[in-house]
Amino acid sequence: MEKNTLQKLGLMLQGIAVRLTDEIEYFEAMTGEFKSGTKIFPLKLVPEGDMFRINFGGRSIKARSDEIPGLISGFADPYEKVTLTYKSRGEILIIEAEGKNVTMKTKALEEEKDSIIKGHAETGTLSGREYLIKPGKADKLLKAINIMAENGKIRNDMIRKYNQIDHFVELVEPMLRDLTEGRNELKIVDCACGKSYLSFVLNYYLKEVMKVNCRITGIDISEGVIQSSREIAEKLNYRNMDFITGDIRTLLYEDERGKAIQPDLVISLHACDVATDYALAYGIRNRARGIIAVPCCHSELLNQYSYKPFDEIIKHGVFKARLADILTDGLRCMILEAFGYSVSAVEYVSPLDTPKNLLIRAVLTGRFNPWKYEACIEMAKKLDSDPALLRETVNLHKY
């Protein structure tokens, strides 16, 4: 096989390796045919624990996902044509390499998707779990936010998103019940709301399931996503929802007369990198009774920190990146505690659904603690870093 063709095949296989990591829960098997003249040699790849088993040419090889592109490209070198079929739940990818061409086709397995979703509208279950946002009852909502197709079935490419937002509601429900105690309305702010999945789902759950009045405000710096959210709210007749184009770094939460008031809950789902810090700072600045955040990306601290005792460990990029994730979110929790919040951090979905699966919950239970805040500053100094949440909160205790 030509060198350029092998390189193209390798690039496509790198994409397959990423899918194997991100979508292992839905992966079934990958098969292949390697053709030389009239002879065809089969390949089969199946998951085996945390690794994968490849059977080819009388050999059985155990490999990590990142090793698969190099192995299969190496197998392909002496052959004229290679066809690989990657099968995951509800979908088949077919890669063909021959001559100078490498192509990839996608085929949706409609019958298989029917089997996956079978009975879902009646029972509200999928992948063996009970859902709070149930198809059949929440169809209008799920269609409006593009999770459900017009035929009443959950879109195959949205199953993971559906899992995430439903499990989010499941984890925050006890907090919602505590926040509603003694109140007839909850005031909620979705910071860096993006497409506002959480806002719409929480609004539905509070009003239709818990029978609690609420007023939800979504804030994002992008006028495009704000306009889209307004259109969905109008379509659903959710008049209790407002969407504002603005910078959460400077905004205060206000009532209709422009008076600053305390929100009951500030939420943020997958706000990228320091946008999560801005969301947390918004909650602290407005003294929100509760704050919930699912962070995404941690590049700021990764590009800053150093710690001499760990030099021999973090010289490996993957270890430095993973430690940056922990340090970033650990510092966030410390700062929230310094401002009087009781904090917990949990995995809210399987890492197979998304690697960005940490949920930070904070409930306001006390006052600002200057000694704890000083400990946060000292920790940042030890790491030779200047975290965004420290910069955003450095003067907040003075007000």
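Modeller: I will begin with the whole chain, then zoom in on one part and its surroundings.

This is a predicted model, with local features needing pLDDT of at least 70 and side-chain atom pairs counting only at pLDDT 80 or more, while totals for chains, interfaces and linings use all residues. Residues are numbered from 1 along each chain as its sequence is written, and side-chain values use heavy atoms, leaving out hydrogens and water.

The chain has 14 helices and 16 strands (DSSP runs numbered from the N terminus: H or I of at least four residues for helices, E of at least two for strands). Its C-alpha trace spans about 80 × 55 × 35 Å along the principal axes. Of the 399 residues, 46% count as buried (under 20% relative accessible area with a 1.4 Å probe, protein chains only; exposed is over 50%, and partly exposed is in between).

Now for the close look. Side chains of opposite charge can pair when their charged atoms come close. The structure holds 18 salt bridges (a side-chain nitrogen of Lys or Arg within 4 Å of a carboxyl oxygen of Asp or Glu). Our part is a network of salt bridges that links Arg183, Lys187, Asp264 and Arg289.

Let's start at Asp264, which is buried, with a relative accessible area of 0%. Its side chain meets that of Arg183 in a salt bridge, 3.3 Å from N to O. Asp264 sits in the loop between strand 12 (241-245) and strand 13 (265-272), and Arg183 in the loop between helix 6 and strand 10 (185-191), so this pair ties together parts 81 residues apart in sequence. Arg183 itself has 38% relative accessibility and counts as partly exposed.

Asp264 also pairs with Arg289, with the closest N and O atoms 2.7 Å apart. Here the partners are 25 residues apart, Arg289 being in the loop between helix 9 (274-285) and strand 14 (290-296). At 17% relative accessibility, Arg289 counts as buried.

Leaving aside residues up to four places away in sequence, Gly246 touches Ile219, Asp220, Ile221 and Leu251 (contact means heavy atoms within 4.5 Å). The C-alpha atoms of Gly246 and Ile219 are 6.2 Å apart, although 27 residues separate them along the chain.

For another salt bridge, look at Lys87 and Glu28, whose closest N and O atoms are 3.5 Å apart. Lys87 belongs to strand 5 (residues 81-88) and Glu28 to strand 1 (residues 27-36), so this pair ties together parts 59 residues apart in sequence. Lys87, at 29% relative accessibility, is partly exposed, and Glu28 is partly exposed as well, at 36%.

Contacts that reach across the sequence can also be counted for the whole chain. Among contacts with a separation of 6 or more, 65% are between residues 24 or more positions apart.
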